[in-house]
Amino acid sequence: DVKVTQSSRYLVKRTGEKVFLECVQDMDHENMFWYRQDPGLGLRLIYFSYDVKMKEKGDIPEGYSVSREKKERFSLILESASTNQTSMYLCASSLGNGPNEQFFGPGTRLTVL
Amino acid sequence: RKEVEQDPGPFNVPEGATVAFNCTYSNSASQSFFWYRQDCRKEPKLLMSVYSSGNEDGRFTAQLNRASQYISLLIRDSKLSDSATYLCVVNGNNFNKFYFGSGTKLNVKP
């Protein structure tokens, strides 16, 4: 059974803290994605990666960075958390070479106080 | 203008009803289209892909209209378990990049 896991379901941080969100997939997928989901706005792509050490900006990369040192792991970093980064963060993975089904992790609900 | 637009609903229907959702997309170069389902407090999961010729999976039928740039999802004989938010997904110029609609909420009532 395919599986995408995220390091935390719920996280509370303070403004200015550095935040790490980890995502691991066990399907040997080439592509990995980070989204945030906000009411009325749907899922918005922050960053994606199509190979180890490769990354591309999505639609809302400001305030975020990513790291992909191993194929199965994709990390999202908030360098200095702000209250407007309070959101649900979803990680996904898919096979490379085309628009394939994305498999999502359970999400991390991040609250920045 | 948003890449993908959906009516947020909610659509409140009785069990057994037929319900249809539409979704419009702005990029005429888009080639791949999907419907995902998201249950409350859960992650999205693929419901079905949408092919140019249309496709059917049991009670669910998806259609694509390229000329008018919309896709549709028809659910026949609605079940209580169909209650969820349905997300329309369209790929962008980069084949690996997708745009998600904000979802249409369906409530099926007994």
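What follows is a set of questions and answers on the contacts, pockets and backbone of this predicted model.

Student: How much area do chain B and chain A bury between them?

Tutor: The size of an interface is often given as the accessible area lost when the parts come together. Here 20 residues of chain B are in contact with 25 residues of chain A. Carbon and sulfur atoms carry 55% of the buried area, and the total is about 1700 Å².

Student: In chain B, which residues lose the most area to chain A?

Tutor: On the area that chain B and chain A bury, 55% is on carbon and sulfur atoms. Three residues together account for 32% of what the side of chain B buries, and they are B:Asn96, B:Phe98 and B:Phe100.

Student: Which residues form a salt bridge between chain A and chain B, and why does the pair join two chains?

Tutor: Side chains of opposite charge can pair when their charged atoms come close. The structure holds twelve salt bridges over all chains. A:Asp59 sits in the loop between strands E6 (56-57) and E7 (64-70) of chain A, while B:Lys97 is in the loop between E9 and E10 of chain B, so the pair joins two chains. The closest N and O atoms are 3.3 Å apart, within the 4 Å cut-off, and the partners are A:Asp59 and B:Lys97.

Student: Which elements give two or more residues to the side of chain B that touches chain A?

Tutor: Across this interface the rule finds four residue pairs in polar contact. By class, the side of chain B that touches chain A has nine nonpolar, seven polar and four charged residues. The elements giving two or more residues to that side are strands E4 (33-38), E9 (84-91) and E10 (98-100) of chain B.

Student: Which residues lie nearest the centre of the largest pocket?

Tutor: The largest pocket has a volume of about 670 Å³. Strands E4 (31-38) and E9 (87-94) of chain A and E9 of chain B each supply at least two residues of the lining. The lining divides into nine nonpolar, nine polar and eight charged residues. Of the 26 lining residues, those nearest the centre are A:Gln37, A:Arg109, B:Gln38, B:Cys40 and B:Arg41.

Student: What is the volume of the second largest pocket, and which residues are closest to its centre?

Tutor: The volume of the second largest pocket is about 230 Å³. Of the 15 residues that line this pocket, the closest to its centre are A:Leu41, A:Leu43, A:Arg44, B:Lys2 and B:Phe100.

Student: How many nonpolar residues are in the lining of the second largest pocket?

Tutor: Strand E5 (42-49) of chain A and E10 of chain B each supply at least two residues of this lining. The lining also has two polar and four charged residues, and the nonpolar count is nine.

Student: Which residues does a cis peptide bond join?

Tutor: B:Pro10 is placed in the loop between strands E1 (4-6) and E2 (11-14) of chain B. Omega is about 10° for the cis bond, which joins B:Gly9 and B:Pro10.

Student: What is phi of A:Lys53?

Tutor: A:Lys53 lies in the loop between E5 and E6 of chain A. Phi is positive in this residue other than glycine, with a value near 65°.

Note on methods:
Residues are numbered from 1 along each chain as its sequence is written. Chains are lettered from A and ligands numbered from 1 in the order in which they are written. This is a predicted model: local features need pLDDT of at least 70, side-chain atom pairs count only at pLDDT 80 or more; totals for chains, interfaces and linings use all residues. Side-chain values use heavy atoms; hydrogens and water are left out. Contact means heavy atoms within 4.5 Å. Buried area is the accessible area (1.4 Å probe) that two parts lose on being put together, summed over both. A salt bridge is a side-chain nitrogen of Lys or Arg within 4 Å of a carboxyl oxygen of Asp or Glu. A polar contact is a pair of N or O atoms within 3.5 Å; within protein, one must be able to donate a hydrogen and the other to accept it, and residues adjacent in sequence count only if both atoms are side-chain atoms. Helices (H or I, at least four residues) and strands (E, at least two) are DSSP runs, numbered from the N terminus. Ala, Val, Leu, Ile, Met, Phe, Trp, Tyr, Cys and Pro count as nonpolar, Asp, Glu, Lys and Arg as charged, and the others, Gly among them, as polar. On a 1 Å grid over the protein atoms alone, a cavity is a set of points where a 1.4 Å probe fits but cannot get out, and a pocket is an open set with protein on both sides within 12 Å along at least five of seven lines; lining residues have an atom within 4 Å of a point. Grid points are joined across faces, edges and corners, and a volume is the space filled by probe spheres set on the points.
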